[in-house]
Amino acid sequence: MTDLQKELSGNSYPGRGIVIGTSADGKYAVCAYFIMGRSVNSRNRIFVTDGTGIRTQAFDPSKMEDPSLIIYAPVRTYGFYTIVTNGDQTDTIYDGLSTGKTFEESLRSREFEPDAPNYTPRISGLMHVITGKYDYALSILKSDHGDPSNCQRFTYSYENPKAGEGYFIHTYMGDGNPLPSYEGEPTLVNIEGDIDTFTENVWNALNEDNKVSLFTRFINIATGEYETRIINKNKD
């Protein structure tokens, strides 16, 4: 198992990342989603609550350039499902679930982002919490090592997840030009503390210059009730 804080602090630019797992006491389904940015446009964002989910929003609307890949709803809920993604594929998954499609089937209509030369991977997570049972899945859609003619699709499903463990997936292996896409399976990481400790640990481990916003949620597996935390670097 990899220490989540060390994994985060050892990478100056993981891009956008999703962590999903189970709290150390086994009572909560846990997720985190963070965004980072190198450009003024990417850094000019905050997370705001939107119903049972969240959306990104321009911190200073006058500085907003191209909103196409940076303004979206990273988190939405559908029934007993919580959807977490790094783009507007959140809506694709939501619409798919509402018509009886699976997580993987819903994403068949999507591929990596059209932001050449990076071709940023689309990463997605789906948490399912119902009547005391919990399972989750992660997905990554990415180019074939920078070749946009081929989309590689990977889905990972986790049943009966162990307490204190989670999996971490992100968009980039590190900084670069072009940015190198994530490689390998999601990383097994530790989940520690209550929601406030977990949130603080993740936020503090992210690169100070590049981090933008963080969302975390703890869902009570027995009751379905949840708590959410949001941290934005940009503040009024």
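Student: How much space lies in the second largest cavity?
Tutor: The model is predicted, and totals for linings use all residues, whereas local features need pLDDT of at least 70 and side-chain atom pairs pLDDT 80 or more. Residues are numbered from 1 along each chain as its sequence is written, and side-chain values use heavy atoms, without hydrogens or water. With a cavity being a set of 1 Å grid points where a 1.4 Å probe fits but cannot get out, and volume the space filled by probe spheres on points joined across faces, edges and corners, the second largest cavity holds about 50 Å³.

Student: Which element gives the most to the lining of the second largest cavity?
Tutor: Its lining (residues with an atom within 4 Å of a point) consists of Glu104, Leu107, Arg108, Ser139, Leu141, Arg153, Phe154 and Thr155. Two or more of these residues come from each of helix H4 (103–107), strand E8 (133–144) and strand E9 (147–159), helices being DSSP runs (H or I) of at least four residues and strands (E) of at least two. The most, three residues, is given by E9.

Student: What volume does the largest cavity have?
Tutor: The structure holds two cavities of 30 Å³ or more. The largest is lined by Leu4, Gln5, Asn190, Ile191, Glu192, Phe198, Asn201 and Val202, and its volume is about 70 Å³.

Student: Which element supplies the largest share of the lining of the largest cavity?
Tutor: Helix H1 (4–9) and helix H5 (195–205) each supply at least two residues of that lining. The largest share, three residues, comes from H5.

Conventions. On a 1 Å grid over the protein atoms alone, a cavity is a set of points where a 1.4 Å probe fits but cannot get out, and a pocket is an open set with protein on both sides within 12 Å along at least five of seven lines; lining residues have an atom within 4 Å of a point.
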